[in-house]
Amino acid sequence: MRRFRKTLITALLTALLAGGTAGRAAASAQSPPSGPLPGTAAWLADGFPGKEPPDPATAGPHEVAAFFAGLTSAQQRGLVRNHPTVVGNLDGAPVHLRYEANAHAGDQVLAYDPRGRGMIAQVAGDLENAAHIAVVVPGSDTDLSAFDATAQQAADLQREAGDDTAVIAWAGYTTPSGIGPDLATGRLAEAGAERLTRFTRGLDAACLPDPSLFCHSYGSVVCGLAASDTDAGDIVVMGSPGMRADDVAALGTDARVWAAKSPKDWIDRVPNVEVLGLGHGADPTSPGFGATVLPADDVTAHDGYFAPGTSTLTAFAAIADGDLR
């Protein structure tokens, strides 16, 4: 019993620290937005002869893509004008229409949901003509008010990878906030994995290349849970508290799995355990996990994996470009 209690406490401490929020104030449990997107009722009431608009809550991305493909250009833009909050968040809708619908939120914004703490996805590079696509999935304390760091990471990766690669900064799920129970469990990661899966299916429905996922800290928990349901060619995790899997085989994916952890990252001091749903499991950089481990000795901090000039950013760019296998 004493050993069990110690393990349980270790798991809780592991998870409380795992999202990179050490030293921040405690926070209450977060709740992902629920219910229909704003404007859904008006969207469903709209339509054209013989064409019923897809329900944003139930329609799959390929169904959405087929609906838009059956509209004229004028009809498409009419929907952007009349229903921007729906079109701008509808996975499977053409990229240029989503940009137009979200123009009020910034340049090349692929999704913008202001509910709760807010969620956003923004593109660095030419997504519609890219030969390669990468998606950056951030960890805790990321939302509309704290999106700049993720956007900068995406921009740095895109610049390093080159013009044929587009990188999406995807703050598309409700992350843990502050130090609290959310960091200790996979509850928010499970909801995030569903959203990430739908988002990547939307890229596929828009006839875009299979993405590479770059998942930082708690974001690697999201990617671990989404791995079996996405068509990602590569999954890269860094500063990871675990992926809620014992090894690569347990992820249930054909993607190549890569992992990086700096010896200067405080996450290296956190034991990797999972007990009764607390903690996130095996260290993806451990020999038994089966991921290809990337060099990270020159990364100076938990948030430094995308810093220009680091060996990790160089490796990330080669993976995103398909040059590193």
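Me: Which cluster do ring pairs link together?
Reply: This is a predicted model, and a search of the whole structure finds seven aromatic pairs. Ring pairs join three residues into a cluster: W43, F67 and F68.

Me: Are W170 and Y173 buried or exposed?
Reply: Buried means under 20% relative accessible area. W170 has 3% relative accessibility, and Y173 has 2%. W170 therefore counts as buried, and Y173 likewise counts as buried.

Me: How many helices and strands are in the chain, and what percentage of its residues count as buried?
Reply: The chain holds 11 helices and eight strands. It has 325 residues, and the share that counts as buried is 53%.

Me: What percentage of the contacts between residues at least 6 apart in sequence join residues at least 24 apart?
Reply: The count takes in contacts in the chain between residues at least 6 apart in sequence. Of these, the share that joins residues at least 24 apart is 66%.

Me: Are C215, C223 and C207 buried or exposed?
Reply: C215 and C223 are both buried. C207 has 70% relative accessibility, and over 50% means exposed. C207 therefore counts as exposed.

Me: How many residues of helix α9 are buried?
Reply: Helix α9 spans residues 218-226 and is mostly covered. The buried residues in α9 include C223, along with Y218 and A226. Of the nine residues of α9, the number buried is eight.

Me: Why is helix α11 largely enclosed, and what covers its buried residues?
Reply: Seven of the 10 residues of α11 (residues 311-320) are buried, so the helix is largely enclosed by the rest of the structure. The buried residues are T312, L313, A315, F316, A317, I319 and A320. Their cover includes β3 (132-137), α7 (148-161), β4, β5 (211-216), β6 (234-238) and β7 (256-260).

Me: Which residue just after α11 takes a positive phi?
Reply: The phi in question is about 80°. The residue that takes it, just after α11, is G322.

Me: Which element gives the largest share of the lining of the largest pocket?
Reply: The largest pocket has a volume of about 660 Å³. It is lined by 28 residues, and N89, D91, R115, R195 and R198 lie nearest its centre. The elements that give two or more residues to the lining are β1 (109-113), β2 (119-124), β4 and α8. The largest share, five residues, comes from α8.

Me: Is T175 buried or exposed?
Reply: T175 is found in the loop between β4 (165-171) and α8 (187-205). Not counting residues up to four places away in sequence, T175 touches Q30, R117, G139, S140, D141, T142 and L188. The relative accessible area of T175 is 1%, so T175 is buried.

Me: Which residues is A291 in contact with, leaving aside neighbours within four places in sequence?
Reply: A291 is found in the loop between β7 and β8 (292-293). At 12% relative accessibility, A291 counts as buried. Its contacts are V248, V257, W258, A259 and P284.

Me: How does D164 count in terms of relative accessibility?
Reply: D164 lies in the loop between α7 and β4. Leaving aside neighbours within four places in sequence, D164 is in contact with A130, A131, H132 and D321. At 35% relative accessibility, D164 counts as partly exposed.

Technical notes
Residues numbered from 1 in each chain as written. Predicted model: local features only at pLDDT ≥ 70, side-chain atom pairs only at ≥ 80, totals over all residues. Heavy atoms only, no water. Helix = DSSP H or I, 4+ residues; strand = E, 2+ residues; numbered from the N terminus. Buried < 20%, exposed > 50% of the residue type's maximum accessible area, 1.4 Å probe, protein only. Contact = heavy atoms within 4.5 Å. Phe/Tyr/Trp six-rings, centres within 6.5 Å; stacked < 30°, edge-to-face > 60°. 1 Å grid on protein atoms, 1.4 Å probe; cavity = no way out; pocket = protein on both sides within 12 Å on 5 of 7 lines; lining within 4 Å. Points joined across faces, edges and corners; volume = space filled by probe spheres on them.
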